[in-house]
Amino acid sequence: MNQNLPEDPQLREMVKAALAHKVTRRAVLGGAVATSAAALLAACAPAENSALTPATDVSDSDPSLIWSNWSLYVDVDDDGNYPTLEKFKSETGIEVTYREDFDDNDSYYGKVKDQLALGQDIGADITCPTSWMAARWINQGFVQTFDDANLPNKKNLQPAYLGESYDPQRTKSLPYQGILAGFAFDKEAYKSATGKEAPAVLEDLWDPALKGRIGVLSEMRDTVGIVLMDQGVSIGDANSLTEDAFMNAIDIIGQKVSDGQIARIKGNSYKDDLVNGDTIVAIAWSGDIIQLNAEAGYDRFGFVLPESGGTISADCFVIPMGATHKKNAEKLMNFYYDPYNAAVLAAYVNYITPVVGAKEEAIKLDPALADNQLIFPSEEFLSLTQGFRALDGAEEQAFTKAFQKIKLGA
Amino acid sequence: MAFTAFSSSKPKVGIKPGKTGKVVIVLLAPGLAYLGAFFLTPLISLIMVSLQAPDPLGGFGEYVPALQFSNYFVVISEYFPHMMRSFGYALAATILALVISYPLAYFIGVKARPYPLLQKLMLTLVIAPFFISFLLRTLAWKQIFSNESWIVTTLQQIGFLDSDQYVVGTPFMVIFGLTYNFIPFMTLPLYTSLERLDTRYLEAGSDLYASPSKVFRKVTIPLSMPGIISGTLLTFIPIAGDYINASGDFLGSSSTAMLGNVIEANYLQINDYPAASALSVLLMGAILVLVAGYVKKSGTEDLL
């Protein structure tokens with residue numbers, strides 16, 4: 001075919017199907033439109049039981065890249081530019097379109113699932129779902145395998161991130177940042193409401209003085225995980241985290257939602273409620289809080305891990321099958337696995353960096369930074385955290401449904 | 001004018017179908033093809049998805065084609081309160097919008113008739129909120145009524161609200177938001193029918209010794225009935241399916257979730273597509289039945 005076909009794989013398939021059926025005015029009037037329409041629909045329908053194949057990589061001719069990411073998750077300067085991405089552009093010539101459209105794992109998956117399942121472009125060449133969601137994508141064959149030749153810096157990965165059952169050698173997913181969930185609170189408002197300095201255990205969130213001022217994450221594994229750990233369940237262990245234990249935690253949260261103690265269950269947008277004062281204490285992600293303080297200009301919010309522990313997970317780079325700029329995406333990962341760049345990024349986003357050597361670079365940038373337990377946690381600090389165990393399909397469906405039903409008040 | 005679709009005037013004498021049949025078919029073809037491709041096909045696909053069953057071998061959110069009619073009973077028993085809430089909120093917001101819009105439309109359409117400039121200015125003001133995105137306007141109300149806002153703290157100080165009571169997330173806030181967002185859809189059809197109101201009928205009414213309130217009940221309301229009906233339909237139908245105002249991210253909370261929120265959660269979070277589709281079909285069916293009953297009662301059945 002000698003026409004210039006659209007770049008988007010879905011459109012391309014549709015145009016190809018249309019051309020193959022030669023839709024002419026005569027054919028349309030002759031009723032051939034029905035068969036063409038069927039062909040068009042067929043082009044959109046999933047091909048049964050066939051393994052997906054990677055889209056053609058146009059990186060060499062097109063130095064661009066679209067990156068979908070969570071909000072407050074890359075360094076931003078006062079003018080709204082992204083310094084590390086500009087550095088990346090000057091080093092590689094690749095122009096990155098950076099999108100902060102990843103608010104919640106489930107809703108992002110819901111949005112792009114159909115394209116993923118067909119191996120089509122999801123509108124992003126690279127994105128960063130949380131590890132359990134990345135595991136789902138890998139298990140279903142939705143993502144491309146990295147070419148390690150483009151990723152020399154992969155050797156800097158913290159060994160702790162290797163050996164995961166879904167991707168033991170990290171050939172399809174690479175951690176971007178480690179995330180810690182705990183309690184975030186508005187220091188002044190918390191003190192004036194409860195008379196205490198900081199919440200320490202889950203019970204502190206159920207203080208009647210905080211009724212209607214509590215927010216929790218819509219990320220099931222963090223919110224339910226923290227409640228489970230408060231109940232003495234170890235969430236990484238299938239013998240301890242049973243369906244009964246999970247549903248028990250769901251009942252506790254559901255009770256607190258229905259009696260109005262918990263007012264909001266949200267994804268990344270929980271930050272707005274902390275800023276406008278609607279929420280006083282929230283189950284939240286550590287790095288966001290430090291950035292909110294930077295925006296506020298003073299230490300307005302505090303972040304603590306509950307005494308019973310907080311949850312830990314990682315957001316991982318993945319390249320969907322339909323991505324057409326794989327090599328550029330690999331260059332981007334390689335860039336952020338350079339210890340210096342990782343240190344600059346960590347200094348801004350304040351999440352746990354998975355890159356070996358970043359701490360040494362951070363000491364050069366700012367010695368105080370290297371002592372920050374939220375970026376470079378010690379063994380002792382990490383012992384307070386647990387990761388949520390892998391769930392099988394039926395469990396995941398049942399757990400997700402139970403958690404969502406709290407949100408719907410049913 | 002679209003808003004005259006429900007007027008009760010008798011249709012003109014019909015054109016004989018036999019003579020012009022072919023031309024009519026050719027002229028209708030693009031419209032029918034459009035409806036077939038973009039309305040009927042998705043509708044059939046929606047109904048088919050609503051009957052799917054979970055894939056016994058598949059993972060999270062995977063379904064296979066089936067004829068599982070029990071999906072409908074399951075969603076009705078699970079989400080009955082949300083259905084009632086949706087229609088309750090829609091009814092309340094529609095009535096509120098009517099009560100607010102009627103005097104406004106009457107003023108613009110009848111009282112302001114001698115001043116065309118004023119009339120145009122006021123109409124522009126009615127539509128003015130549409131110059132700003134629906135989402136932004138709704139978020140603005142959320143800020144205005146946020147827990148630490150002066151409105152809420154003042155209401156708490158004068159004892160109207162308890163110190164642990166807030167406005168955002170309550171049914172009041174959601175109905176308020178719905179009413180606010182859909183008022184122009186009520187005002188404009190009311191305006192178009194009141195604007196043509198022949199005031200000589202009103203004079204005749206008072207000449208015949210009817211009190212002003214009786215003139216209003218016996219003359220003004222019946223004459224503006226087409227506007228009332230199209231206005232209430234244009235507000236009630238979208239409100240019943242609305243999911244922005246009641247969403248926890250905007251004005252609602254988990255205790256105000258409407259059917260739209262349930263459908264959204266089932267599609268995007270729980271990935272229970274059959275349940276979400278069954279709910280969508282039920283919502284469509286319920287609205288269709290309610291509207292058909294309403295229009296029939298209002299005496300315009302010959303236009304349906």
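1. Two residues are in contact if their C-beta atoms, placed from the backbone, lie within 7 Å. By that rule, among contacts in chain B between residues at least 6 apart in sequence, 68% join residues at least 24 apart.

2. This is a predicted model, in which local features need pLDDT of at least 70 and side-chain atom pairs count only at pLDDT 80 or more, while totals for chains, interfaces and linings use all residues. Residues are numbered from 1 along each chain as its sequence is written, and chains are lettered from A and ligands numbered from 1 in the order in which they are written.

3. Chain B holds 11 helices and 2 strands; helices (H or I, at least four residues) and strands (E, at least two) are DSSP runs, numbered from the N terminus. The order of elements in chain B is α-β-β-α-α-α-α-α-α-α-α-α-α from the N terminus on. Its C-alpha atoms fill a box of roughly 80 × 75 × 35 Å along the principal axes.

4. Of the 304 residues in chain B, 32% are buried. A residue is buried if 20 or more other C-beta atoms lie within 10 Å of its own, exposed if 12 or fewer, and partly exposed in between.

5. A nonpolar core is a set of buried Ala, Val, Leu, Ile, Met, Phe, Trp, Tyr and Cys residues joined through C-beta atoms within 7 Å. The largest has 103 residues, and Ile126(A), Ala184(A) and Val224(A) are among those with the most contacts inside it. Strand β4 (residues 174-186) of chain A gives this core its largest share, 8 residues. The core lies between domain 2 (64-173 + 318-337) and domain 3 (179-313 + 388-407) of chain A, because both give residues to it; the domain bounds come from an automatic or database domain assignment.

6. A second, separate core of 50 residues includes Tyr102(B), Ala105(B), Ile229(B) and Ala278(B).

7. The contact between the chains takes 29 residues from chain A and 31 residues from chain B. On the side of chain A that touches chain B, the largest share, 8 residues, comes from α17(A).

8. Most residues other than glycine have a negative phi. Arg170(A), not a glycine, has a positive phi of about 55°. Arg170(A) is in the loop between α6 (131-139) and β4 of chain A, and is buried, with 20 other C-beta atoms within 10 Å.

9. Asn350(A) also has a positive phi, near 60°. Asn350(A) sits in the loop between α13 (339-349) and α14 (358-365) of chain A and is buried, with 25 other C-beta atoms within 10 Å.
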